[in-house]
Amino acid sequence: MSQRTVYFNGHFVPEGEARVSIFDSALMFGDMAFEMTRTYGQRPFKLKEHLDRLYASLKLLEIDCGLRQQEMERITLETLERNLPTEPDDMDWQIMHDVSRGPLGLYGSVFPEGVRPTVSINCWPLITHMGAFAPKYRSGVDIVIPAQQTLPAHLVDPKAKTRSRLHYQMAILQAARMGEGVWPVLLDPDGFLAEGPGWNIFLVKDGELLTPEPRNILIGVSRQTTIELAHELGIPVRETNLGRYEGLQANEMFCTATTFALVHATTFEGQTIGNGEPGPVFTQLREAWKQHAGIDFVTQAHDYAERLPAWTANAIAIPSD
Ligand SMILES: Cc1ncc(COP(=O)(O)O)c(C=O)c1O
């Protein structure tokens, strides 16, 4: 058994015992809102912003999860507290919220206690994500435009963070065919750069920071943080329509997301960006990010990478079930 504890429908249960029904609306329709928050120094980073977004997603999906946001925050902190002792003090965590409408009413007879939304919060040590990610902080990432486009906001609004993510998965598969580890940036139906399957995109052109308008994208907490840091640093920022052409003209390009904060792109559509190294604006922003987070997350990721084989061997030796 893993030592970790999950909040699941009103109770704290061992991680291996938290199970969603095959009749759950999440499984049937991808009908689930979620959030992914991380800690820096074991403290949740921008939890309020993530929970604001979770509740905005739930409103769009018309799901009443039965918990007010303040209660959700309290339970989130308690879930984290319960899990911290299972790892060393220098371990940071992913905090995942998943909320679905619950089992479909049609199958209500299977649930004599009644049908209600499925609410879970789990915490996972970031050593696996960030240990595996660490080399990318040095190498950067290669970005391509896949055939798969993103969904326009008038069909399914990407501002809501939901598990309806087949289009992202298709984009990942298509990019993988273009080369190992290649990252896809999806175009919106107007042919403008939208976002990656789990990150937002920034370009730098002539010292100006450019990012897609918040129309057909998830408005990332890390995207917002990056914009705020750029303002503080006096870097001009513009939210605008950006196409393949602008991508190819960019002096710098980078991606932002909760887990890795920000990582530079080395190539776009097979062409080297700048000199292929992290550019000056990106480097300035990354240093500001580290200050803001209170942790050098790049050094931390490299440290996790070294410890990951032993951590994995130990986790396999203690199967979670
Ligand atoms: C589609 C999509 N875009 C952007 C992001 C980045 O958002 P954040 O910075 O809040 O992690 C995510 C994060 O999972 C995402 O799924």
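Me: Does Asn9 count as buried or exposed, and at what relative accessibility?

Reply: In this predicted model, Asn9 is found in the loop between strand S1 (5-8) and strand S2 (11-14). Buried means under 20% relative accessible area. Asn9 therefore counts as buried, at a relative accessibility of 18%.

Me: What is the phi of Asn9?

Reply: Most residues other than glycine have a negative phi. Asn9 is not a glycine, yet its phi is positive, at about 45 degrees.

Me: Does Asp206 count as buried or exposed?

Reply: Asp206 also has a positive phi, of about 50 degrees, although it is not a glycine. Its place is the loop between strand S11 (200-205) and strand S12 (208-212). Exposed means over 50% relative accessible area. Because its relative accessibility is 64%, Asp206 counts as exposed.

Me: Which residue follows helix H6, and what is its phi?

Reply: Helix H6 covers residues 221-233, which makes 13 residues. From its first C-alpha to its last it reaches 18 Å, close to the 18 Å expected at 1.5 Å a residue. The residue that follows H6 is Gly234, with a positive phi near 75 degrees.

Me: Which residues of H6 are buried?

Reply: Buried means under 20% relative accessible area. In H6, the buried residues are Val221, Ser222, Arg223, Thr225, Thr226, Ile227, Leu229 and Ala230.

Me: How many disulfides does a search of the whole structure find, and how far from Cys123 is the nearest cysteine sulfur?

Reply: A disulfide requires a pair of cysteine sulfur atoms within 2.5 Å. The search of the whole structure finds 0 disulfides. Cys123 is in no disulfide, and the nearest cysteine sulfur, that of Cys65, lies at a distance of 17 Å.

Me: At what relative accessibility does Cys255 count as buried?

Reply: Cys123 counts as buried because its relative accessibility is 1%. Cys255 likewise counts as buried, and its relative accessibility is 0%.

Me: Which residues lie nearest the centre of the largest pocket?

Reply: The largest pocket holds about 950 Å³ of space. Its lining comprises 44 residues, and by class these are 21 nonpolar, 15 polar and 8 charged. Nearest the centre lie Arg165, Pro197, Gly198, Trp199 and Ala257.

Me: Which element gives the most to the lining of the largest pocket?

Reply: The lining draws at least three residues from each of domain 1 (5-125) and domain 2 (133-299). Elements that each supply at least two residues include strand S3 (32-40), helix H2 (47-61), H6 and strand S14 (252-257). The element that gives the most, with 5 residues, is H5.

Me: Which residues line the largest cavity?

Reply: The count comes to 3 cavities of 30 Å³ or more, and about 60 Å³ of space lies in the largest cavity. Its lining divides into 6 nonpolar, 3 polar and 3 charged residues. The lining residues are Asp188, Phe192, Leu193, Ala194, Pro212, Glu213, Arg215, Asn216, Ile217, Thr240, Asn241 and Leu242.

Me: How far apart in space are Ile75 and Gly10, C-alpha to C-alpha?

Reply: Ile75 is placed in helix H3 (residues 69-83), and it counts as buried because its relative accessibility is 5%. Ile75 and Gly10 are 65 residues apart in sequence. In space, C-alpha to C-alpha, the distance between Ile75 and Gly10 is 9.4 Å.

Notes: Residues are numbered from 1 along each chain as its sequence is written. This is a predicted model: local features need pLDDT of at least 70, side-chain atom pairs count only at pLDDT 80 or more; totals for chains, interfaces and linings use all residues. Side-chain values use heavy atoms; hydrogens and water are left out. Helices (H or I, at least four residues) and strands (E, at least two) are DSSP runs, numbered from the N terminus. Buried means under 20% relative accessible area, exposed over 50%, partly exposed in between (1.4 Å probe, protein chains only). The expected span of a helix is 1.5 Å times one less than its number of residues. On a 1 Å grid over the protein atoms alone, a cavity is a set of points where a 1.4 Å probe fits but cannot get out, and a pocket is an open set with protein on both sides within 12 Å along at least five of seven lines; lining residues have an atom within 4 Å of a point. Grid points are joined across faces, edges and corners, and a volume is the space filled by probe spheres set on the points. Ala, Val, Leu, Ile, Met, Phe, Trp, Tyr, Cys and Pro count as nonpolar, Asp, Glu, Lys and Arg as charged, and the others, Gly among them, as polar. Domain bounds come from an automatic or database domain assignment.
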